[in-house]
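Hello,

Here is the structure I promised to pass on. Please open it alongside this email, and my notes follow below.

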Amino acid sequence: MKVLLGIGGSDDSIRALEKTVERTANVGDDLTVAIVDNPAGERSREDIETRVTELLDERGVDAPVRLLDGDPGSSLVDLAENEGFDQLVLGGGETSPMGKIQIGNIAEFVLLNSHVTVTLVR
Amino acid sequence: MSNRTFSDAVADPYDAPPLSFTDREDRTIEVRAYDGSDEEMEALVEMYDAFDPSDRAQGIPPGREDRIRDWLENILDEDCLNVIAWDGDEVAGHATLVPDGDAYELAIFVHQTYQRAGIGTRLIKALLGYGRVSGVEKVWLTVERWNRAAVGLYQTVGFETSDAESFELEMTIRLAEPPDEEGG
């Protein structure tokens with residue numbers, strides 16, 4: 001399966017990265033990692049890229065890493081639709097101090113606009 | 001993380017618990033602050049274990065007893081404020097304030113058997129009263145926009161919508177004037 005993982009710098013993105021790379025290593029999906037500019041994220045693009053490369057090397061997974069500019073949600077949806085991906089994977093949201101799940105703006109946009117199947121990682 | 005807006009006006013000073021009242025089904029309901037005991041914690045676990053999953057909000061209460069316990073341990077911590085509505089030794093409802101920077105996040109749950117009896121309004125007022133006497137200044141919450149009963153309840157006690165841009169509405173209330181040094 002051709003999978004596009006979209007990540008910014010938030011904690012749920014990093015969790016989605018770890019779980020998706022793990023899954024790819026186990027089932028042999030055709031994975032592409034897209035790094036977007038998430039203004040709500042706490043990590044810089046360079047830090048994220050380093051983390052991605054480390055993790056891919058660790059698990060022996062060969063996946064291209066793409067840097068996307070512009071609006072994160074729409075650039076992910078564009079890429080997924082235009083390049084024939086089967087699935088678009090995103091972080092599943094942060095939790096509030098109370099423990100409530102809060103879906104971020106990017107996931108919200110993607111869920112409502114993507115014609116490609118969306119997976120939110122919990 | 002917080003760019004939430006809070007009203008300048010302070011909400012009504014609701015009474016702090018303990019208090020009691022008769023609900024619309026003629027049950028005597030007592031509202032008390034959580035006493036920190038294992039017995040009360042177990043009564044809460046029982047209430048949430050029997051909670052209708054269709055009344056869950058953004059993933060809480062969780063759906064399995066071990067997860068309910070993890071979640072409760074977190075929100076029954078001593079820096080949180082918890083108020084319980086009792087029908088005898090059975091929990092009818094539970095409301096909580098969890099610290100988040102200089103504000104507190106609120107949630108309230110009334111068991112299905114006790115809904116539409118006026119308990120939610122009394123319980124949330126008691127929690128806000130408890131917050132006020134405990135020095136809480138600002139409170140926020142999120143609520144699914146389709147949940148009109150809940151949105152109506154929050155508006156009734158003085159919450160105002162502060163963010164309507166996301167899936168969930170965010171609402172806020174001020175319980176006390178800001179301290180002078182912040183006043184500017």
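Among contacts in chain B between residues at least 6 apart in sequence, what share joins residues at least 24 apart? The figure is 63%. Please keep in mind throughout that this is a predicted model.

**Chain B overall**

Chain B contains five helices and eight strands. Read from the N terminus, the order is β-β-α-α-β-β-β-α-β-α-β-β-α. The C-alpha trace spans about 50 × 35 × 30 Å along its principal axes. The radius of gyration of chain B is 16 Å. A compact globule with 184 residues would come out near 16 Å, so the two agree.

Of the 184 residues in chain B, 49% are buried.

Charge is next. Chain B carries 16 positive and 40 negative side chains. The centres of these two sets lie 6 Å apart.

**Salt bridges**

How many salt bridges are there over all chains? The count is 18.

One of them is in chain A. A:Arg51 pairs with A:Glu18, and their closest N and O atoms are 3.4 Å apart. This pair links distant parts of the chain. A:Arg51 sits in helix α2 (residues 45-59) of chain A, and A:Glu18 sits in helix α1 (residues 11-27), 33 residues apart. A:Arg51 has a relative accessible area of 26%, so it is partly exposed. A:Glu18 is partly exposed too, at 34%.

Chain B has a bridge between helices as well. B:Glu42 and B:Arg69 meet with an N to O distance of 2.8 Å. B:Glu42 belongs to helix α1 (residues 38-49) of chain B, and B:Arg69 to helix α2 (residues 65-75). They are 27 residues apart, and again the pair links distant parts of the chain. B:Glu42 is partly exposed, with 37% relative accessibility. B:Arg69 is partly exposed at 23%.

Another bridge in chain B joins B:Asp66 and B:Arg64, at 3.0 Å from N to O. B:Asp66 has 42% relative accessibility and counts as partly exposed. B:Arg64 counts as partly exposed at 45%. Back in chain A, salt bridges that share partners join A:Glu18, A:Arg51 and A:Glu54 into one network.

**Backbone points to check**

Two cis peptide bonds deserve a look. One joins B:Pro17 and B:Pro18, with omega about 5°. B:Pro18 lies in the segment before β1 (19-22) of chain B. Another joins B:Ile60 and B:Pro61, with omega about -10°. B:Pro61 is in the loop between α1 and α2 of chain B.

That loop between α1 and α2 also holds B:Gln58. B:Gln58 is not a glycine, yet its phi is positive, about 50°. Is B:Gln58 buried or exposed? Its relative accessibility is 9%, which is under the 20% cut-off, so B:Gln58 counts as buried.

B:Arg116 also has a positive phi without being a glycine, and the value is about 55°. You will find B:Arg116 in the loop between β5 (103-110) and α3 (119-133) of chain B. Is B:Arg116 buried or exposed? The relative accessibility is 68%, over the 50% cut-off, so B:Arg116 counts as exposed.

**A buried charge**

Last, look at B:Glu168. This residue is in strand β8 (residues 168-174) of chain B. B:Glu168 is buried yet has no salt bridge. Which side chain of opposite charge is nearest to B:Glu168? That is B:Arg145, 7.7 Å away. A salt bridge needs the nitrogen within 4 Å of a carboxyl oxygen.

What does B:Glu168 contact, leaving aside its neighbours within four places in sequence? The residues are B:Gln58, B:Thr142, B:Val143, B:Arg145 and B:Asp163.

Best wishes

Key: Residues numbered from 1 in each chain as written. Chains lettered and ligands numbered in written order. Predicted model: local features only at pLDDT ≥ 70, side-chain atom pairs only at ≥ 80, totals over all residues. Heavy atoms only, no water. Helix = DSSP H or I, 4+ residues; strand = E, 2+ residues; numbered from the N terminus. Buried < 20%, exposed > 50% of the residue type's maximum accessible area, 1.4 Å probe, protein only. Rg over C-alpha atoms; globule rule 2.2 N^0.38 Å. Contact = heavy atoms within 4.5 Å. Lys, Arg positive; Asp, Glu negative; His and termini not counted. Charge placed at Lys NZ, Arg CZ, Asp CG, Glu CD.
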